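Hi,

Here is the structure I promised to pass on.

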Amino acid sequence: MIAQFIRFCGAGLCGFVIDVGLFTLLVRYGFSAFAALSVSYPCGMLVNFFLCWQFVFAAQCTMLQAFSRYVAIALFVFFANQLVLPITTGYFPATPSLARMSAAGSISVAQYLALKIVAFG
């Protein structure tokens, strides 16, 4: 299970780099944090799904079933991130990119468990 969690973290890191990199670029060019996250998150999510499908979880279902469950969990995580962003940027001296990173980190363990049990289980 520890090896699987490490692979999950690696897959998540790849998706995270795409997500936060694109998010930072979009904010830098004038997008609001909400709009930037609405574009960057799905890009990172797709990378993360395919890496998790290929390298992390031995799925007990079809790719379509796993993807539909994954999207449901990812949408929940997306809205959780949308709740955390204004808190970290409004009450703490955090840039949108730093707030985005802290939001992702704070949700990652719950996301791992949900994906393991629900999406790929």
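**What I found**

Let me start with contacts (heavy atoms within 4.5 Å): among those in the protein between residues at least 6 apart in sequence, 68% join residues at least 24 apart.

Before you read on, some ground rules. This is a predicted model, in which local features need pLDDT of at least 70 and side-chain atom pairs count only at pLDDT 80 or more, while totals for chains, interfaces and linings use all residues. Residues are numbered from 1 along each chain as its sequence is written, and side-chain values use heavy atoms, with hydrogens and water left out.

**Overall fold**

You'll see four helices and zero strands, so the pattern along the sequence reads α-α-α-α (helices are DSSP runs of H or I with at least four residues, strands are runs of E with at least two, and both are numbered from the N terminus). The C-alpha atoms fill a box of roughly 40 × 25 × 20 Å along the principal axes. The radius of gyration is 14 Å, which agrees with the value near 14 Å for a compact globule of 121 residues (it is taken over C-alpha atoms, and the globule rule is 2.2 Å times the number of residues to the power 0.38).

**Inside**

Of the 121 residues, 36% count as buried (buried is under 20% relative accessible area, exposed is over 50%, and partly exposed is in between, with a 1.4 Å probe and protein chains only). In soluble globular proteins, nonpolar side chains tend to be buried together. Here the largest nonpolar core has 27 residues, and those touching the most other members are Phe8, Tyr41, Cys52, Phe57, Tyr70, Leu115 and Phe120. Helices α1 (2-28), α2 (33-56), α3 (63-91) and α4 each supply at least two residues of this core, and the largest share, eight residues, comes from α3. (A nonpolar core is a set of buried Ala, Val, Leu, Ile, Met, Phe, Trp, Tyr and Cys residues joined through side-chain atoms within 4.5 Å.)

Leaving out residues up to four places away in sequence, Cys52 touches Phe8, Ala11, Phe57 and Phe120.

**Outside**

The protein exposes about 6800 Å², and carbon and sulfur atoms supply 77% of that (Shrake-Rupley method with a 1.4 Å probe; for residues, only the protein chains shown count as cover).

Ile117 sits in helix α4 (residues 96-119) and counts as exposed because its relative accessibility is 60%. Met1, Val109, Leu113, Ile117 and Val118 make a nonpolar surface patch of about 500 Å². (Patch residues have over 30% relative accessible area and no salt bridge; like charges are joined within 9 Å, and nonpolar side chains, Val, Leu, Ile, Met, Phe, Trp and Tyr, within 5 Å. A salt bridge is a side-chain nitrogen of Lys or Arg within 4 Å of a carboxyl oxygen of Asp or Glu.)

Beyond residues up to four places away in sequence, Arg69 touches Cys61, Val118, Ala119 and Gly121. Tyr91, also found in α3, is exposed at 67%. The C-alpha atoms of Tyr91 and Gly12 are separated by 27 Å.

Cheers
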